[in-house]
Amino acid sequence: MSSPNFGTYKRAIVRQIPDSIRDHSEAHEDRGFQGLPIYAPINLEKARQEHEVYTQTLRDLGLEVTVVPADESTPDCPFVEDICVVVGNKALLTRPQGAARRKEVDTIEKVLTDLGLEVHRIRNKRATLEGGDVVFTGHEFFVGDSACSNPKGHKILAETFPEYPVLAIPLDPPKFHLKGAICMAAPGVMAVGESKWGVRAWKKIQKHAKFTYEPLWLPDKVFADHTCDVIFFNGNLVHCKSQEGAESVKRFAERFPDVNRVELTIGELKKVDAGLTCCSVLLS
C-alpha cells in the first residue's frame, strides 16, 4: 500500500540546539504541572554531539539537509517537526499550544518559502496543532486530540489537505503527542506502543480508518521505554538503539529483515521528552 507522498523524500530540515533548552524547555513546566519527576539537566555538549550524528545520518542516507541556526529565545526550537506539516509541495505552518513556541513559526515559514513550497499558516487564535500529533500514512492523517492539538486545528489541517481524510485520536496526559503512541514504520505498517494510549489509538484506527494497516507492537512505558517513534524514508528505517530498547530492536529486525535499519539516539534530548521524529521535517 504505497503512496507517492509517503516514504520518498529528498530533503530534511533540522535546527540546532540553544543553550536555553537546558533550563527553559516547556517540558520542565509540563512535567511539573503533571506531578512527574524532572529529569537531570541536559548535557549540552553531548546533546549537540548526538544531534550532529543525527543530522549526518540523514545526509548519509541520501537527504540534503538544511540546518537552521538555534534561537536562544525559543528553547524548544530543535523540535522542528512540531512547527509544520508537509505533504508534497504543500506545507501547513502550525500553531503550537505553548505561546513561546509560536515564535518559531516565522523562521520556519521563511525556510519553507525559500525552498519553494506552497506555504499555508494557521491564523485562528483558538486553534492549536503541533506536528508531533500528526501521523501521515500516505493516504490519510491521524491526528492527536491532545493538550497540544485541538479540533479547530484538526479542521484547518483537513481544509489545507482536502484530498486526505483526517481522523482524530484522543490522547490524554502524560502522553502529549500522538507519535509517542503510534508512528509509521513502513508503508502500511504502524509502530504501536503497548500502552493504554497505543491500544486505544489502534482500536480507533481499526474501526474508523479509511485504509487498512498492520500493527507492529512495541514495548512502551511512559517516558521510560519509548521506542515507537521511528522515521521511515527511502527504504530506510531509523529507530532506537539496542541499549534504549533491546526488545524493540529485535522486533524491528524480525519484521523488516530486508529493510536498511539504522539505530540512532537523541538520548540527551529525551530529558525534555523528545523522540527521533521531533528533530526533523522531511520534504519530497
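The largest cavity in this predicted model has a volume of about 450 Å³, where a cavity is a set of points, on a 1 Å grid over the protein atoms alone, at which a 1.4 Å probe fits but cannot get out. Grid points are joined across faces, edges and corners, and a volume is the space filled by probe spheres set on the points. By this rule, two cavities of 30 Å³ or more are counted. Because the model is predicted, local features need pLDDT of at least 70 and side-chain atom pairs count only at pLDDT 80 or more, while totals for chains, interfaces and linings use all residues. Residues are numbered from 1 along each chain as its sequence is written, and side-chain values use heavy atoms, with hydrogens and water left out.

The lining divides into 17 nonpolar residues, three polar and two charged; here Ala, Val, Leu, Ile, Met, Phe, Trp, Tyr, Cys and Pro count as nonpolar, Asp, Glu, Lys and Arg as charged, and the others, Gly among them, as polar. Five strands, β3 (84–87), β6 (134–136), β9 (182–186), β12 (231–233) and β15 (281–283), each supply at least two residues of this lining. Strand β3 gives the most, with four residues. Strands (E, at least two residues) and helices (H or I, at least four) are DSSP runs, numbered from the N terminus.

From β3 the picture extends to its neighbours. β3 and β4 pair in the antiparallel sense over four bridges, two strands being paired if DSSP finds at least two bridges between them. Val 87 stands opposite Lys 90 in β4. The two strands form a hairpin with two residues between them, and Gly 88 in the turn has a positive phi of about 60 degrees. Buried means under 20% relative accessible area, exposed over 50%, and partly exposed in between (1.4 Å probe, protein chains only). In a regular strand the side chains alternate between the two faces of the sheet.

Strand β12, another contributor to the cavity lining, is joined to β13 (236–239) by three bridges, and the two run antiparallel. Phe 233 has Asn 236 as its bridge partner in β13. In the hairpin of β12 and β13, with two residues between the strands, Asn 234 takes a positive phi near 50 degrees. Most residues other than glycine have a negative phi. Asn 234 counts as partly exposed because its relative accessibility is 33%. Asn 236 and Val 238 point one way from β13, Leu 237 and His 239 point the other way, and all are buried. β13 also pairs with β14 in the parallel sense, over four bridges, and Leu 237 stands opposite Arg 261 in β14.

Asp 273 is placed in the loop between β14 (260–263) and β15, and counts as buried because its relative accessibility is 15%.

Strand β6 belongs to an open sheet of three strands in the order β6-β7-β8, with mixed pairing. Its edge strands are β6 and β8 (166–170), each pairing on one side only. The twist averages 25 degrees from one strand to the next. Axes are lines fitted to C-alpha atoms, for helices over the stretch in contact, and angles run from 0 to 180 degrees between N-to-C directions. Five bridges join β7 (residues 141–145) to β8 in parallel, and Phe 142 stands opposite Leu 167 in β8. Helix α5 (residues 151–160) packs on the sheet, touching β6, β7 and β8, and its direction makes about 165 degrees with that of β7; contact means heavy atoms within 4.5 Å. Helix α6 (residues 196–208) also packs on the sheet, touching β7 and β8, at about 150 degrees to the direction of β8.

Key. On a 1 Å grid over the protein atoms alone, a cavity is a set of points where a 1.4 Å probe fits but cannot get out, and a pocket is an open set with protein on both sides within 12 Å along at least five of seven lines; lining residues have an atom within 4 Å of a point.
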